[in-house]
Amino acid sequence: MGINYFFFPPQTPKPKVVDEVSKENSDKETKAGNPADPKAELKKPTTETTKLNPVKTEDVKTFSLKTDSFLVHFSSLGGRITEYYIKDHKEPDGSEFAIAKDPKFEIEFDGKKEKAVELTRGQGFDFNIIEDKDTVPFSAYNLVNFSSSYNADTKTVIFEAPSLDGKFTIQKKFQFFPSENYFKFHLTLKNRTNETINISPSKSDVYFRSFSSLGPVLKKKEDFNDRDNAHYFRYYYLDGSFKDHVDGTSTQGFFDNLFGSNEGKDTRYEIKKGSNDKVDFVGTGSRYFIGVIDPLNDNPAGVLLDNRKGNETGVLLVYDNWKLGPGEEVNLDYAAYVGVRELDGTAFRDSKLDPKINKDSAFVGLSDSLDKSFNQGITTPLRNGIVWILKKIYLVIPNYGWAIVIFAILFKLAFYPLNKKQAESMKKMQELSPQIKLINEKYADDPKLKQEKTVELYKKNGTNPMAGCLPMLIQIPIFIALYTAFSDTVDLWNSPFLWIKDLSEPDTVYTTPKLAFIGALAINILPLIMVATQVVQSRMTTVSTDPNQKMMMYMMPVIMLYFFWSMPAGVTMYWTMQNILSIAQQVYTNKFGKSEDKKPKNNGPEPANNASAVARPGFRNQNKKKK
């Protein structure tokens with residue numbers, strides 16, 4: 001089984017380990033950069049690392065573990081998780097959770113074909129301590145071959161090894177549960193000497209790294225755009241506050257540089273410690289998945305953040321003043337969740353393991369704030385409601401494209417009274433359009449009086465131009481919730497509909513060759529249809545004679561086209577359906593809606609020219625009589 005490392009320090013003599021490791025890392029070089037340079041690469045490993053004996057391939061043990069939802073590979077080399085997959089499985093309600101819809105996700109696991117998606121990005125999950133921050137994210141213990149054992153009945157893997165200096169013992173225990181998305185990690189450090197020791201040789205902080213950047217990664221890094229990069233993030237909950245940052249970026253903000261000089265400082269790494277509360281949990285996330293580790297006892301003092309450009313380090317826990325007396329040991333318990341970015345994903349399947357139900361659960365001490373790690377914004381409750389409705393529709397009609405169409409219709413029906421009021425308001429405005437035009441012409445040089453006369457006209461005819469805006473205002477938070485729902489809901493990932501291959505991505509039907517200055521251009525159909533319906537709707541509902549507003553009417557579709565061009569097809573399809581339904585309702589209202597066809601009484605000025613006649617019924621007949 002291949003073991004992949006993201007960083008590997010080849011400038012020093014490397015132990016020859018598993019063939020795959022040597023092959024993959026043979027061409028990588030690690031440079032020691034200026035400590036003040038945030039772009040500096042990984043430094044050389046510690047002296048203890050270079051003294052490690054080479055590990056023979058035949059001495060490395062591997063283990064494979066399978067639960068209802070996951071496939072996990074372990075290696076004694078580093079005592080770590082090397083590969084972590086989420087697979088197709090049944091949900092607690094009996095419904096099928098299909099994650100690997102694309103044939104490319106079929107893998108071989110323990111001699112069997114499985115449909116599963118790797119979340120480790122080929123880097124593995126370390127769960128190792130780091131004694132020197134200058135070697136982050138590399139842990140010297142990744143080159144240590146741990147003694148190991150596996151209990152298939154309890155799904156427990158145990159690794160044990162002496163520390164690099166031989167003064168203490170490290171024991172790591174991973175315990176999985178058949179039906180859960182959580183697993184337990186237990187770390188024991190025991191002093192092997194007759195004197196008090198510091199875990200860190202530098203007598204300062206010790207760092208613990210669990211998850212690196214989470215996958216899956218579906219394209220080459222050089223092909224990533226800003227939207228792709230934003231899908232990978234790291235986060236921590238410290239001092240009662242949640243913070244998150246996009247992977248590969250610095251945590252140093254504008255104001256940090258504005259009010260404090262970083263000259264001469266080592267800005268590659270940043271340590272943050274709580275003033276009141278310690279660390280609650282840390283983790284990493286991707287578009288559809290999160291990995292979070294939650295200390296259940298002895299909460300860490302702070303976190304270590306890698307600020308180097310392009311980092312995929314994750315967030316490290318910081319333990320300070322870690323001393324062990326003779327024969328003393330420290331036992332640390334952690335709960336780890338790996339799974340979808342959904343609230344129901346974090347729910348316990350077995351009530352005996354739920355700490356809210358069972359006080360003797362192995363997960364007692366689990367944070368009540370884990371839902372913050374989903375990072376889905378302030379419209380999360382709305383977003384969750386939309387996802388719930390879509391899933392219920394999907395149970396009846398198993399296609400998320402039709403589910404979105406039906407949802408759009410249901411949403412329109414739910415707000416029918418408001419939409420009806422909007423359509424009637426637009427009709428009234430159209431009927432008053434000739435009189436508004438006369439007011440604009442008569443009082444063109446007096447904007448204040450023109451406004452007063454216009455408002456007076458609206459009042460006398462019982463209409464309000466702002467009434468048509470209310471349904472639009474209500475839709476804004478719905479639209480934001482829809483965007484997050486369609487962007488990070490794994491159910492829509494690789495879901496096809498008509499010509500659309502993936503509702504979670506733009507409906508690109510053709511990509512041009514690379515063009516000068518702009519590169520390759522994706523041709524998307526849905527945004528063009530959406531803009532066409534927007535233009536039709538605008539022409540039906542806009543009655544203003546103001547040239548500036550007319551210009552905005554024509555500019556708005558262009559702006560909308562820009563914003564929707566790279567949006568998930570599901571979002572664009574929903575908006576298009578709303579436009580089509582609004583057009584249909586306006587047509588119906590204009591044709592069959594009640595119209596107050598009354599002669600206006602002092603509704604506007606009566607200029608002494610024939611232009612005013614357009615507002616008087618029967619004018620053409622009167623004109624014929626005069627002839």
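How far apart do the end C-alpha atoms of residues 515-533 lie, and how much of the span is helix and how much strand? The end atoms lie 30 Å apart, and the span is 42% helix and 16% strand. Helices here are DSSP runs of H or I with at least four residues, strands are runs of E with at least two, and both are numbered from the N terminus.

A word on the model. It is predicted: local features need pLDDT of at least 70, side-chain atom pairs count only at pLDDT 80 or more, and totals for chains, interfaces and linings use all residues. Residues are numbered from 1 along each chain as its sequence is written, and side-chain values use heavy atoms, with hydrogens and water left out.

Back to that span. An unreviewed UniProt entry places "transmembrane region" at residues 400-419, 515-533 and 554-575. Such annotations may be inferred rather than shown by experiment; positions follow the numbering used here, and feature names are shortened. Residues 554-575 are 82% helix and 0% strand, with end C-alpha atoms 18 Å apart.

Now the whole chain. There are 14 helices and 25 strands. Of the 627 residues, 48% are buried. Buried means under 20% relative accessible area, exposed over 50%, partly exposed in between, with a 1.4 Å probe and protein chains only. Take contacts, meaning heavy atoms within 4.5 Å. Among those between residues at least 6 apart in sequence, 68% join residues at least 24 apart.

Next, the inside. The largest nonpolar core has 76 residues. Such a core is a set of buried Ala, Val, Leu, Ile, Met, Phe, Trp, Tyr and Cys residues joined through side-chain atoms within 4.5 Å. Phe74, Phe127, Phe183, Phe208 and Phe289 touch the most other members. Strand E23, residues 329-340, gives the most to this core: eight residues. Apart from it lies another core of 33 residues, including Leu492, Met530, Phe564 and Ala569.

Look at Phe127. Leaving out residues up to four places away in sequence, its contacts include Ile81, Phe174, Phe183, Phe208 and Ile293. Lys172 and Arg209 are also among the residues Phe127 touches.

Last, two single residues. His231 sits in the loop between helix H3 (226-229) and strand E15 (233-238). Is His231 buried or exposed? It counts as buried, because its relative accessible area is 16%. Beyond four places in sequence, His231 is in contact with Gly285, Ser286 and Arg287. Val396 lies in helix H5. Val396 is exposed, because its relative accessible area is 67%.
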